[in-house]
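User: I have a structure open here that is new to me. Could you walk me through it while I ask questions as they come up?

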Amino acid sequence: LKFTKTHEYINTEDSVGVIGISQHAVEQLGEIAYVELPESGKTYSRGEQFGVVESVKAISELYMPVSGTVVAVNSDLLDHPEYVNEEPYGKGWMLKVQLTVPAELAGLLTAEQYDSEVAVH
Amino acid sequence: MAESLTAQLKRSPLHARHVAAGARMVPFAGWDMPVQYTSIVAEHMAVRQAVGLFDVSHMGEFIASGPGAADFLASVVPGDVHGMDVGKAIYTQFTNERGGVVDDLLIYRLQDHFLLVVNASNIEKDWEHLQSHLPKSGVTLTDASERTALVALQGPKAADTLQAFTEVDVASIKFFRLAQGRVAGHDAIIARTGYTGEDGFEIALPADAANDVWDKLVAAGSLPCGLGARDTLRLEAGLPLYGHEWDDDTSPVEAGFAWTLKSQVYYLGRNVLDGQQAGGTSRKLVGLKMLGKAPAREGYEVLRGETVVGHVASGAPAPALGYPIATAYVPADVAIGETLNVRIRGSLAPAQVVKMPFYRRSRS
């Protein structure tokens, strides 16, 4: 499990990564009321915006931790945005992507680095 | 840097309570206020179903007294000030020469003075506005904001909760009436008013009594609620918020509040507002029910077909309704039931024009 400073995570197996937002981000956002995600087949560069999550008060943009092509989208989140609150690393996942530049993973934060990052801010 | 900015924010007498309760504090109109304690949705639903307690001490309180007080107030608001007997409250606005709204406010008539409760964000602007229209004698205007704490106890269980702490028969206080008495032993003004669409009370207290009253009402089962829930509750109830539905260039007629123009005398901007009531306005405020799941937010474009006809004034998911709602100023010929579009991140999202309030409590 690796993280970005913008609070996305990616869990990679072979060259496919599952992307979502961190427990810390979920706690900061509060109840998530709406999740907007792209369709399968879209290709993104690292750092590009791929969607938004909205709580009652706020809108937060979602950014790609790595470059890749979307191969699956968690369409359950349209009717059940609360899954992101309940299990951000489980049924609250957002995208599965085929990594196009796997070497980018090395530039992401480890869980330990991410924890100390959010502890400071 | 952040620390020194926080230090400049004003603090309510209840500030330490909020911090100790773990509330998320945010800057609001120059005050460090709680936006939520645990969850906006849980706080919102507590007010709809039981009882919630809000600290609204950031709001401004002015006192107008003297033999000319009623005439003075009647010259700056379109509400029927002369028709207020002791114990009456009215919702009204300070209007400007153009018929726009300087601020919206509640006026309470007490034995020997009027209490005006104004928006925190507008305290200085209102003060200057009133000073500039104050007659040379006969009226004393006092800013009591610093020494007054204001809490709002709102929800279907508000009356029962409050009754345990006062000898005043709260059930006998009618909507938009007030009583003076003691709450938990402290002098208080108990007004049956609110900003949530539920039954409830707004209670003005000396600043040093706020903590005791707050603690007792919380111990009696009131859920502390932040400004986040206050905003979603008022939006569901179709109640305007200054800076969103109101500003210096929107009129009470455009906003659907012509029913508050009850004055029998001349007030600032009356000629303009009378003209609008007789001849209509080019735009009006409407409620929008989003037909999809994406919330419309403040500032988003509203379109009729593909033509931009207005902008969203307020928008959010509605916790008690289960779909997103919004308000918007649109052309006056837009009809209830019509489907408009809201541009959300480049896509057009359909929205139905509906009657406000979006939510109306059942009266038992």
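User: What area is buried between chain A and chain B?
Analyst: About 1,300 Å² is buried between chain A and chain B, and carbon and sulfur atoms give 53% of that area. Please keep in mind that this is a predicted model.

User: Which three residues of chain A supply more of its buried area than any other three?
Analyst: Those are E31(A), V56(A) and K57(A), which supply 44% of the area that chain A buries against chain B.

User: And how many residues are in contact on each side?
Analyst: On the chain A side there are 15 residues in contact, and they meet 17 residues of chain B.

User: How many salt bridges does the rule find across that interface?
Analyst: The rule finds five salt bridges between chain A and chain B. One of the salt bridges between side chains pairs K57(A) with D231(B), at 3.6 Å from N to O, and K57(A) is also one of the three residues named above for buried area.

User: Which helices and strands of chain A supply at least two residues each to the side that touches chain B?
Analyst: They are the helices α1 (23-29) and α2 (76-79) together with the strands β4 (32-36) and β6 (49-55) of chain A. By residue kind, the side of chain A that touches chain B divides into seven nonpolar, two polar and six charged residues.

User: How many residue pairs are in polar contact between the two chains?
Analyst: The count is nine residue pairs between chain A and chain B, with both residues at pLDDT 80 or more.

User: Changing topic, what about salt bridges over all chains?
Analyst: A search of the whole structure finds 23 of them. Among them is the one where the side chains of E104(A) and R46(A) meet at 3.7 Å, N to O. Because E104(A) sits in the loop between β9 and β10 (109-110) of chain A, while R46(A) sits in the loop between β5 (43-44) and β6 of chain A, this pair ties together parts that are 58 residues apart in sequence.

User: Staying in chain A, how do β2 and β3 pair up?
Analyst: Strand β2 (residues 8-13) and strand β3 (residues 16-21) of chain A run antiparallel and are joined by six bridges, with E13(A) standing opposite V16(A). The two strands form a hairpin that has two residues between them, and D14(A) in the turn has a positive phi of about 50°.

User: Which other strand is β3(A) joined to?
Analyst: Four bridges join β3(A) to strand β9 (residues 95-99) of chain A, again running antiparallel, and V16(A) has Q98(A) as its bridge partner in β9(A).

User: Over to chain B, then: which strands make up the closed barrel?
Analyst: Six strands of chain B close into a barrel in the order β14-β17-β16-β15-β18-β19, with antiparallel pairing, and the twist averages 40° from one strand to the next. Helix α8 (residues 227-236) of chain B packs on this sheet, where it touches β16 and β17 (323-331), and its direction makes about 125° with that of β16(B).

User: How many bridges join β15 and β16 there?
Analyst: Four bridges join strand β15 (residues 301-304) to strand β16 (residues 307-318) of chain B, and R304(B) has T307(B) as its bridge partner in β16(B).

User: What order do the strands of the open sheet in chain B follow?
Analyst: The order is β10-β11-β12-β9-β3-β13 in chain B, with mixed pairing. At the edges stand β10 and β13 (223-225) of chain B, each with a single partner strand, so one side of each is left without a neighbour in the sheet. Helix α3 (residues 40-49) of chain B lies across β3 (52-55), β9 (148-154) and β13, running at about 120° to β13(B).

How values were computed:
Residues numbered from 1 in each chain as written. Chains lettered and ligands numbered in written order. Predicted model: local features only at pLDDT ≥ 70, side-chain atom pairs only at ≥ 80, totals over all residues. Heavy atoms only, no water. Pairing = 2+ DSSP bridges. Axes fitted to C-alpha atoms, helices over the stretch in contact; angles between N-to-C directions. Contact = heavy atoms within 4.5 Å. Buried area = accessible area lost by both parts, 1.4 Å probe. Salt bridge = Lys/Arg side-chain N within 4 Å of Asp/Glu carboxyl O. Polar contact = N/O pair within 3.5 Å; in protein donor to acceptor, adjacent residues only side chain to side chain. Nonpolar A, V, L, I, M, F, W, Y, C, P; charged D, E, K, R; others polar.
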